[in-house]
Amino acid sequence: ERIMEIRRKNCSPMTMKITYYKKPVFLHQGYMQWLWDFDGNRYLDLFAGVATVSVGHCHPKVAAALQRQLKKLWHTTNIYVNPTLHEYSEKLASHLPDPLKVVYLTNSGSEANDLAMLMARLHTGNFDLLTLRGSYHGGTQQTMGLTSNSSYKYPIATSSGCTNTMCPDVFRGPWGGSHCRDSPVQTTRQCGCAQGHCMANDQYIGQLKETFATSVPSRIAGFFGEPIQGMGGAVQYPKNYLKEAYQLVRERGGVCIADEVQTGFGRTGSHFWGFQGHDVLPDMVTMAKGIGDGFPMGAVVTTPEIAASFAKAYHFNTFGGGPLACAVASSVLDTIKEDGTQQNSHNVGTYLMTELAKLRDTYEIIGDVRGKGLQIGVEMVTNKASRDPLSPEAMSEIFEDIKDMGVLIGKGGVYGQAFRIQPPMCITKEDVNFFLAVFKKAIQRYMD
Ligand code: PMP
């Protein structure tokens with residue numbers, strides 16, 4: 001009661017939008033994939049904040065690294081030589097292929113994307129940017145312009161007419177991913193071709209080319225793409241979609257930015273970075289969330305050539321790359337290796353996808369199951385024939401029921417029609433079985 005009163009009086013309106021509004025969850029403790037509320041109820045966390053806790057809540061190794069650094073040094077800015085920043089930058093760069101070797105540390109994903117926008121513009125001398133439908137790239141004024149979904153924006157018109165819903169300098173490419181409602185071929189799974197997904201691929205890539213031919217300017221600064229869309233509801237692109245997009249962008253003088261805020265650090269299982277699953281090499285990689293296992297941090301990693309263009313500008317970030325964040329992030333990289341986190345993401349994610357696909361074939365209201373590793377979306381529909389998105393009320397009913405049975409998941413998609421599963425990557429097959437039993441019960445109860 002008292003906490004809700006404080007929320008009403010002293011917290012910003014935006015933070016009032018809590019996920020479980022019928023019966024809020026008051027969380028106060030976490031360990032690995034588990035969370036506890038004040039009444040001692042335990043929840044299996046399958047959303048990790050929003051895909052942020054990578055190796056586990058309060059992971060003992062990461063917590064110990066933070067504690068060691070807490071006793072040594074909390075803060076210096078990068079006007080001093082701070083060894084933790086240098087050591088971490090070297091370690092992070094070793095996880096990226098050549099020539100992606102120059103690291104800029106920030107405090108969040110929005111800051112990282114903001115910085116990448118500036119770098120792309122300075123490097124190319126061009127101004128316009130391209131993103132895809134369904135994308136989310138941040139909540140700062142600039143990155144909100146990149147973000148496609150209008151529900152994350154504010155309708156404020158600037159003097160140049162930018163409403164933050166669609167800035168004049170940001171062009172929107174088709175989203176080219178499986179999505180029940182809007183795509184020309186409803187899901188890649190249904191394309192009907194003998195070899196897999198070629199028909200759907202051709203159609204999406206055709207759309208992409210059409211967009212470039214008709215609405216993208218001849219010179220652009222850059223293209224932002226999430227390797228798998230996160231907030232969009234785990235939307236995956238067809239094979240070669242990003243590859244084609246990168247080529248078309250580069251023909252127009254632009255640089256290509258992979259937004260790995262959700263997909264990085266092994267989340268997609270088969271690769272450490274999501275872009276590696278698309279056979280592309282970005283010019284910049286932006287990251288946050290999983291980088292710090294919940295500790296605020298972000299980064300842009302780019303090439304020496306782009307860094308040289310950027311060196312002309314004055315760039316300062318008081319907290320970016322602080323000793324505490326670097327100590328935590330360094331320990332996260334070690335832990336991913338020591339705990340086999342990426343492999344677990346692959347194994348458990350593959351198992352979960354297989355089991356969810358069985359539920360999709362059983363239940364009329366599951367329209368699509370998609371994703372990779374532990375970045376999974378389950379699209380809910382009124383029925384398979386119409387493929388209309390399930391209503392927000394119905395989504396909430398199932399969502400709250402799942403929570404009441406002890407599992408936290410996420411929601412996403414432009415119609416809020418996708419359940420999202422992006423847990424701490426330490427979950428086990430037993431956890432998955434528990435979730436599946438809960439999910440089945442919730443669906444059954446809703447349908448009855
Ligand atoms: N990019 C992507 C793909 C994201 O999902 C998010 C956050 N949901 C951001 C950028 C922005 O990150 P932050 O909230 O840390 O600013």
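Which residue stands opposite Arg-42 in strand 3? In this predicted model, that residue is Trp-36. Strand 2 covers residues 34-37, and strand 3 covers residues 42-45. The two strands run in the antiparallel sense and are joined over three bridges. Together they form a hairpin, with four residues between the strands. Gly-40 lies in the turn and has a positive phi of about 90°.

Strand 3 also pairs with strand 15, residues 407-408. Here the sense is parallel, and the pairing extends over two bridges. Leu-44 has Val-407 in strand 15 as its bridge partner.

A helix pair was examined next. Helix 4 spans residues 83-93, and helix 10 spans residues 323-339. Their axes come within 9 Å and cross at roughly 30°. Angles under 35 degrees count as roughly parallel, so helix 4 is roughly parallel to helix 10. The crossing of the two helices is left-handed. Helix 4 contributes Thr-84, Leu-85, Glu-87, Tyr-88, Lys-91 and Leu-92 to the contact. From helix 10 come Pro-323, Cys-326, Ala-327, Ala-329, Ser-330 and Leu-333. The residues of this contact divide into eight nonpolar, two polar and two charged.

The ligand is surrounded by 16 residues. The closest are Ser-108, Gly-109, Ser-110, Gly-138 and Val-261. Helix 5, residues 109-124, supplies the largest share of this shell, with three residues. By type, the shell holds nine polar, five nonpolar and two charged residues.

Key:
Residues numbered from 1 in each chain as written. Predicted model: local features only at pLDDT ≥ 70, side-chain atom pairs only at ≥ 80, totals over all residues. Near = placed C-beta within 6 Å. Nonpolar A, V, L, I, M, F, W, Y, C, P; charged D, E, K, R; others polar. Pairing = 2+ DSSP bridges. Axes fitted to C-alpha atoms, helices over the stretch in contact; angles between N-to-C directions. Parallel < 35°, antiparallel > 145°, perpendicular 65-115°, else oblique. Left-handed = near helix turned anticlockwise from the far one by under 90°. Contact = placed C-beta atoms within 7 Å.
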